[in-house]
Amino acid sequence: MASTSLRRAALAGAALASVFLLAACAPGTSPAESYAGEPEVEHVVAEDEEGAAEEESHAVEGETSAVWLQQGGQLAITTWGSSTCPVVGTDIRVVEPRGEGNTVEIVTKEYAEDQVCTMDFVPYTTVFWTPLDVTTTEPLTVRIQGEEIEVPIK
């Protein structure tokens, strides 16, 4: 009987450990990293009408953009603004899961009203792990500060 109780306790312990391990593998909602500048992404090279190669870039300087990184494992959001008060993503929330809209919302850092911010205009990037409830096989809508950005299929 002692061996049956011991086996049950071991199985229960293994099941509990599995739950904790699986929970640890789920990506969090906090940023993986944040930094001044734009992310390094692979640029698509296409041929123009005459057959000459030209780079295609989806990001436009001065506009908020979002791109997949790490084969879709991460999502980089680049904003433009003050270097001393950058628009920094603090949290990513799934608004509509895959198959129902594939939409996320980025919560941003708030600054005090009396915060002094420089009048320069620089890029700032926040990188998030891709939430489990969205997919790279559908266009992803990213909502940030009243804007909606569509990230194409990976």
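1. Ground rules. This is a predicted model, in which local features need pLDDT of at least 70, side-chain atom pairs count only at pLDDT 80 or more, and totals for chains, interfaces and linings use all residues. Residues are numbered from 1 along each chain as its sequence is written, and side-chain values use heavy atoms, with hydrogens and water left out.

2. The open sheet. Four strands form an open sheet, in the order S1-S8-S5-S4, with antiparallel pairing. S1 (33-36) and S4 (65-69) stand at the edges with a single partner strand each, so one side of each has no neighbour in the sheet. On average, neighbouring strands here are turned by 20° against each other, direction ignored. Strands are DSSP runs (E, at least two residues), numbered from the N terminus. Two of them pair if DSSP finds at least two bridges between them. The angle is taken between axes, which are lines fitted to C-alpha atoms; angles run from 0 to 180 degrees between N-to-C directions.

3. One pairing in detail. Four bridges join S1 to S8 (residues 122-129) in the antiparallel sense. Here Glu33 stands opposite Val127 in S8. Strands of a sheet pair through backbone hydrogen bonds.

4. The disulfide. How many disulfides does the rule count? The count is one disulfide, where the rule asks for a pair of cysteine sulfur atoms within 2.5 Å. Cys85 is joined to Cys117, S to S 1.9 Å. The link of Cys85 and Cys117 is left-handed, with -90° about the S-S bond. Cys85 sits in the loop between S5 (74-81) and S6 (89-96), Cys117 in the loop between S7 (103-108) and S8; the two are 32 residues apart.

5. Buried or exposed? Cys85 counts as buried, at 10% relative accessibility. Cys117 counts as partly exposed, at 34%. The cut-offs are under 20% relative accessible area for buried, over 50% for exposed, and partly exposed in between (1.4 Å probe, protein chains only).

6. Thr126. This residue lies in strand S8. Thr126 is buried, with a relative accessible area of 2%. A polar atom of the Thr126 side chain lies 3.1 Å from the backbone nitrogen of Gly89. Leaving aside neighbours within four places in sequence, Thr126 is in contact (heavy atoms within 4.5 Å) with residues including Pro31, Glu33, Leu75 and Val88.

7. The hairpin. S6 and S7 run antiparallel, joined by six bridges. Glu96 has Thr103 in S7 as its bridge partner. The hairpin has six residues between the strands, and Gly99 takes a positive phi near 80°.

Key:
A polar contact is a pair of N or O atoms within 3.5 Å; within protein, one must be able to donate a hydrogen and the other to accept it, and residues adjacent in sequence count only if both atoms are side-chain atoms.
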